[in-house]
Amino acid sequence: MLPQLELQIKTLPDQPGVYQYFDKDDKILYVGKAKNLKKRVSSYFNKLHESSKTNVLVKKIVSIKHIVVPTETDALLLENNLIKTLQPRYNVLLKDDKSYPWICIKRERFPRVFTTRRMVKDGSDYFGPYTNVKTVYTLLDLIKELYPLRTCNFDLSVSNIKAEKFKVCLEYHIGNCSGPCEANESEVEYDQKIKAIKDILKGNFKENLKEFRDLMMQYAAEMKFEEAQKIKNKIDILENYQAKSTIVNPKINNVDVFSIISDETTAYVNFLQISHGAIIRSHTLELKKKLEETDQELLELAIVELRERFHLLSKEIIVPFDLELGDALHITVPKLGDKKQLLDLSERNAKYYRLDQLKQMKIVDPDRHANRIMAQMKKDLRLSVEPRHIECFDNSNIQGTNPVSACVVFKDGKPSKKDYRHFNIKTVDGPNDFASMEEVVYRRYKRVMEENEPLPQLIVIDGGKGQLSSALKSLDDLGLRGKVAIIGIAKRLEEIYYPGDSIPLYLDKKSESLKVIQHIRNEAHRFGITFHRDKRSKSAIQSGLTVIPGIGEKTMEKLMTEFKSIKRLKETPETEISKVIGKSKALKVAEYFRTT
């Protein structure tokens, strides 16, 4: 496998989406869908396939592109659209003109509602497409049962109805139609039913579900249990049904979507091209920042570049904020609805592309990755220098017993375990985290100064304002106030506190800076807890057994390893103890417990 291909596969997201394979000439070979992109794409390269065609395809793959979508259903729809648009060589099943079914509400007086596989641009409303035909017919059956509609294709104009050109048919007599052809139903009443049907098809059917349940209860009251069960099955399907697709909306035509995600050094601009209600192209552009360019400036440059590169002629673009691109383009900044969903999808793809690039950078160029993280932390935490050397303190005790503290050290964002330090609390009695923190911070940096060791650029205190204030007292006593940056992180909401500031800083939960701080905090907690448990266990052994004459430390360890507790050891016969430590020592242990 090519090195760049292996790197791409390693950094694919574990999300549903569509993948595209390209050859050495950048020609598309294959389009596929996946519930988990990483697992699906990896499966192509992990084994020899039974199909010779698949083996030939794998040998030709040089690069991979992917589009992340919210659900597996969206992936299926997008795959269908891309295959028909791009016509990849190795896709054969979906290249024909067949498509998934839609539900059409015809643009006419007294509209008909029916299923179709052809979308005609005549102003009618189309809902779908639906990947499950059963869902389509369930919806149509529900609509028919709840709202009697006409099925004939007569021209029910006002003049034709007044002229009495039509007569009611069998559908009217069996209750499936209210007879608008003979003016037995007004246009206003009919349109109210159509509005309710549109709500159902859009997924806004909470009010209608009550009517369905009432109908089910009515059948049950009338002892029509089979009919009631049928309605219940349809309600269950309808409740689990997602009416709207993020991928396809027939009313959005010839539109381009642009979004931007940026960090300190790079911006990522994702572009989706929408044609005839479907995504036909997705591309992400990476821009290196030279100065302090804003996202607005970078997005404007990227849009001009992408429109020229792909020869885009659309008159409308969807973007996250207002831009200056001339009067020829209509700029839409959506807040709700289908266009907002498309913008969110574009932003999601930009984010995943950025994550992929960062993962690749971490593998290929770890130094560059560390430099980027340090620069980001400097900005996020409002520091004067990059925090290349970070130290974090955490206290551990149970109801004041065996109090200890731990100091862990991170260098360039990674643990430096050889520099970790444990502290036994010496000057504090009882459970007093504040005093314990004050003691260990003072002892740590007093020794660092005495040994002329380098000070950290950042100190992290595991705790809120109280622990931070205690640590500050020690820095004041040592004359280090202002020479070393110090923050406190509270566990509950991950608030970050600064000296002298009562209002905490809240970082984005997905922020890499917060993840580094959480990592060092969790590492300090783990390291401290481990030391505390070891000390507590040793204390328990010593308190229970050191008073036995003739029993040394190694013998104690053997006994506790075997019997786990003093109580169990006391209840164990002398013969069993002798198997572990010998007869003479077992006799001493047994005699001790008999006399106490």
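**View 1. The whole protein, buried parts and all.** Buried means under 20% relative accessible area, exposed means over 50%, and partly exposed falls in between, using a 1.4 Å probe and protein chains only. What you're looking at is a predicted model, where local features need pLDDT of at least 70, side-chain atom pairs count only at pLDDT 80 or more, and totals for chains, interfaces and linings use all residues. Residues are numbered from 1 along each chain as its sequence is written, and side-chain values use heavy atoms, with hydrogens and water left out. There are 20 helices and 19 strands to find your way around; these are DSSP runs numbered from the N terminus, with helices being H or I runs of at least four residues and strands being E runs of at least two. The accessible surface comes to about 32,500 Å², and 50% of that belongs to carbon and sulfur atoms. Those areas come from the Shrake-Rupley method with a 1.4 Å probe, and for residues only the protein chains shown count as cover.

View 2. pLDDT is the predictor's confidence in each residue, on a scale from 0 to 100. Here the average is 82, and 89% of the residues score at least 70. Contact means heavy atoms within 4.5 Å. Across the protein, take the contacts between residues at least 6 apart in sequence: 58% of them join residues at least 24 apart.

**View 3. The largest pocket.** How much space lies in the largest pocket? About 1,200 Å³. A pocket is an open set of points on a 1 Å grid over the protein atoms alone, with protein on both sides within 12 Å along at least five of seven lines; a cavity is a set of points where a 1.4 Å probe fits but cannot get out, and lining residues have an atom within 4 Å of a point. Grid points are joined across faces, edges and corners, and a volume is the space filled by probe spheres set on the points. The pocket lining has 37 residues, with Arg-354, Leu-355, Lys-510, Ser-511 and Glu-512 lying nearest the centre. Elements giving two or more residues to this lining are strand S7 (255–262), helix H12 (337–364), helix H13 (366–380), strand S14 (414–415) and helix H16 (512–545). H12 supplies the largest share, 10 residues. By class, the lining has 11 nonpolar, six polar and 20 charged residues. Ala, Val, Leu, Ile, Met, Phe, Trp, Tyr, Cys and Pro count as nonpolar, Asp, Glu, Lys and Arg as charged, and the others, Gly among them, as polar.

**View 4. The largest cavity.** The structure holds two cavities of 30 Å³ or more, and the largest has a volume of about 80 Å³. Its lining is made of 13 residues, and those nearest its centre are Arg-150, Cys-152, Cys-169, Cys-177 and Cys-181. Sorted by class, that lining has eight nonpolar, two polar and three charged residues.

View 5. Val-136 sits in helix H5 (residues 133–146). Is Val-136 buried or exposed? At 0% relative accessibility, it counts as buried. Leaving aside neighbours within four places in sequence, Val-136 touches Pro-101, Ile-103, Thr-115 and Tyr-130. The C-alpha atoms of Val-136 and Thr-115 are 7.5 Å apart, though 21 residues separate them along the chain.

**View 6. His-283 in its strand.** Look for His-283 in strand S9 (residues 278–288). His-283 is classed as buried because its relative accessibility is 15%. Beyond four places in sequence, its contacts are Lys-65, Val-269, Asn-270, Phe-271, Leu-306, Arg-309 and Phe-310.

**View 7. Two loop residues with positive phi.** Phe-110 has a phi near 55°, a positive value in a residue other than glycine. Phe-110 belongs to the loop between strand S4 (102–105) and strand S5 (113–116), and it is buried at a relative accessible area of 3%. Asp-412 also has a positive phi, near 55°, and lies in the loop between strand S13 (401–411) and S14. Asp-412 counts as partly exposed, at 35% relative accessibility.
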